[in-house]
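Please have the sequence and the coordinates at hand while reading.

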Amino acid sequence: RARWVDVAGDRPIPQRASGFLSLLASYKDVLYTSATAAYLSKDGLLPVLALHTLQHLLVSTRRRLAHDRKKSDARDQGFTRPRVLVLAPFRAHALAFVNEMLRLLPPAYAQVEHKRRFEEEYSEADGAPKVPAAKPADYIETFEGNTDDCFRCAARFTRKSLKLYSAFYKADMIIASPLGLRVGMGSDGDKVVDSDFLSSVELVVALHADVFLMQNWAHVAGIFSQLNALPKQPRDTDFSRVRAYALDGLSKRVRQTVVLSSVAAPELSSLLSRFCTNVAGSASAVQTADGCLALAPRSVRQLFIRFDAANPAKLADDRLEAFKQQLLPTLLRSLEAGPEAQTLLFIPSYFDFVRVRELLKANDVPFEAISEYTEPKAVSRARSALQQRRLGGLLLYTERAHFFHRHKLLGARHVAFYALPMHAHFYPELLQMLAGVSGG
């Protein structure tokens with residue numbers, strides 16, 4: 001905390017950041033679903049999160065080194081050395097977090113090994129294309145910098161130095177993307193599967209978790225399923241100094257998990273309820289939603305269709321049946337009006353996208369599709385056909401494709417939502433693109 005005063009001066013911590021720091025200091029699991037990319041930046045939550053992480057690392061490191069000097073047999077360790085895991089979607093986000101930690105390092109840590117290499121590999125490459133200024137502000141904040149999503153790096157703290165690019169089993173902190181860490185761990189079909197370095201993690205930080213939902217959520221769930229599992233090999237462990245609760249397989253009960261996201265999603269709540277059993281409890285910080293319907297163009301007529309879904313496990317089937325019975329006939333009638341009634345069909349989930357696509361094929365409904373897997377040439381062809389009124393059918397569009405590219409789809413007269421988008425601001429964004437709307 002004294003270092004914070006040295007770096008930030010006497011300027012008080014912003015109220016929201018101060019409340020967030022109090023939650024972190026309680027060592028409860030924290031789900032914070034109003035952490036936008038802008039507020040996670042340098043003047044927001046990121047500095048206090050780096051402060052909490054650094055304090056946890058330095059206190060535990062100094063305690064261990066003090067016991068080593070005294071040749072004490074205190075039980076102050078886990079099975080393996082890594083104690084902190086930081087998950088970030090892109091290299092730029094990892095760089096921002098590490099830079100905040102380095103800024104708060106005590107003056108005694110004068111040496112940071114491989115710092116230049118880290119900055120070169122995690123910064124944006126020279127000559128890399130910049131994010132177009134015409135893109136929305138939240139898109140620029142999320143995707144500026146190095147957007148490589150496959151990386152992993154470990155850091156080791158000693159009494160007076162910090163070494164980046166340390167070996168995992170000799171490191172105190174691991175910072176990685178879900179994809180990069182899963183590649184490093186290996187999967188069930190690989191000859192070598194190693195996740196023992198996650199057996200003694202005491203603090204997990206998940207930055208920009210809403211972006212994980214747009215990547216591959218299975219990687220995140222796979223990592224959490226391996227956290228604090230008993231190691232398969234001894235790994236030169238001094239069992240006389242392993243904490244008693246770790247030997248009993250209860251390390252996960254004292255692990256703090258911090259998940260930050262700009263949106264609330266059931267996957268995030270499920271992650272904490274399934275894999276996080278902290279004895280200190282949990283806390284959720286949810287921002288009151290102001291709603292987005294007021295941002296929709298007033299000239300657009302909006303119709304919401306309600307359907308019954310008594311069983312949540314069958315929601316996908318019920319939604320498809322409701323689409324088939326209530327919405328699809330209306331869309332087919334609109335196609336009879338020709339190019340003047342081109343329709344954009346927005347589908348948030350890729351799994352629903354596949355089911356709708358097969359349904360349309362089975363009913364011989366003409367359509368084009370833009371998903372996260374569509375080739376750029378096919379995307380350009382579909383966008384041109386829509387803009388030039390040559391579509392001749394529906395245009396299917398997934399939320400992931402919109403999240404990663406923010407295509408400007410001009411020429412549609414109608415837009416239909418198979419389900420509401422996870423990111424609420426996508427709804428008025430898409431309505432603004434409709435033909436006849438100012439700017440669309």
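The crossing of helices H2 and H3 is right-handed, and it belongs to a model that is predicted.

**Packing of H2 and H3**

- Helix H2, which covers residues 15-25, packs against H3 at an angle of about 25°, and the two axes are 9 Å apart.
- Because angles under 35 degrees count as roughly parallel, H2 and H3 are therefore described as roughly parallel to each other.
- On the H2 side the residues are Ala17, Phe20, Leu21, Leu24 and Ala25, and they meet Leu45, Val48, Leu49, Leu51 and His52 in H3.
- Sorted by class, this contact of H2 with H3 consists of nine nonpolar residues and one polar residue, with no charged residues.

**Packing of H3 and H4**

- Helix H3 (residues 45-69) also packs with H4, their axes coming within 9 Å and crossing at roughly 65°.
- H3 passes H4 in a right-handed crossing.
- From H3 the contact draws on Leu46, Pro47, Leu49, Ala50, Leu51, Thr53, Leu54 and Leu57, while H4 brings Ala96, Phe97, Glu100, Met101, Arg103 and Leu104.
- The contact of H3 with H4 divides into eleven nonpolar residues, one polar residue and two charged residues.

**Packing of H7 and H9**

- The axes of helix H7 (residues 178-185) and helix H9 (residues 217-226) come within 9 Å of each other and cross at roughly 55°, and H7 and H9 are therefore oblique to each other.
- The crossing in which H7 passes H9 is left-handed.
- Pro178, Leu179, Leu181, Arg182 and Met185 make the contact from H7, and His219, Val220, Gly222, Ile223 and Gln226 make it from H9.
- Among the residues of the contact of H7 with H9, six are nonpolar, three are polar and one is charged.

**Cavities**

- The structure holds two cavities of 30 Å³ or more, and about 70 Å³ of space lies in the largest cavity.
- The lining of the largest cavity is formed by Gly78, Ser200, Val201, Glu202, Asn228, Arg243, Tyr245, Ala246, Ser251 and Val254.
- That lining of the largest cavity comprises four nonpolar, four polar and two charged residues.
- The second largest cavity contains about 40 Å³ of space, and its lining has nine nonpolar residues, with no polar and no charged residues.
- Leu54, Val98, Met101, Leu102, Ala155, Phe157, Leu162, Leu164 and Met173 line the second largest cavity.
- At least two residues of the lining of the second largest cavity come from each of helix H4 (91-104), strand S4 (152-157) and strand S5 (161-164), and H4 provides the largest share, three residues.

**Largest pocket**

- The largest pocket has a volume of about 1,000 Å³.
- A total of 31 residues line the largest pocket, and Leu303, Leu327, Val415, Ala416 and Phe417 are the ones that lie nearest its centre.
- Helix H12 (315-335), strand S13 (414-417) and helix H16 (426-431) are the elements that give two or more residues to the lining of the largest pocket.
- With eight residues, H12 gives the most to the lining of the largest pocket.
- By class, the lining of the largest pocket has 20 nonpolar, eight polar and three charged residues.

Notes
Residues are numbered from 1 along each chain as its sequence is written. This is a predicted model: local features need pLDDT of at least 70, side-chain atom pairs count only at pLDDT 80 or more; totals for chains, interfaces and linings use all residues. Side-chain values use heavy atoms; hydrogens and water are left out. Axes are lines fitted to C-alpha atoms, for helices over the stretch in contact, and angles run from 0 to 180 degrees between N-to-C directions. Helices (H or I, at least four residues) and strands (E, at least two) are DSSP runs, numbered from the N terminus. Angles under 35 degrees count as roughly parallel, over 145 as roughly antiparallel, 65 to 115 as roughly perpendicular and the rest as oblique. A crossing is left-handed if the near helix is turned anticlockwise from the far one by less than a right angle, and right-handed if clockwise. Contact means heavy atoms within 4.5 Å. Ala, Val, Leu, Ile, Met, Phe, Trp, Tyr, Cys and Pro count as nonpolar, Asp, Glu, Lys and Arg as charged, and the others, Gly among them, as polar. On a 1 Å grid over the protein atoms alone, a cavity is a set of points where a 1.4 Å probe fits but cannot get out, and a pocket is an open set with protein on both sides within 12 Å along at least five of seven lines; lining residues have an atom within 4 Å of a point. Grid points are joined across faces, edges and corners, and a volume is the space filled by probe spheres set on the points.
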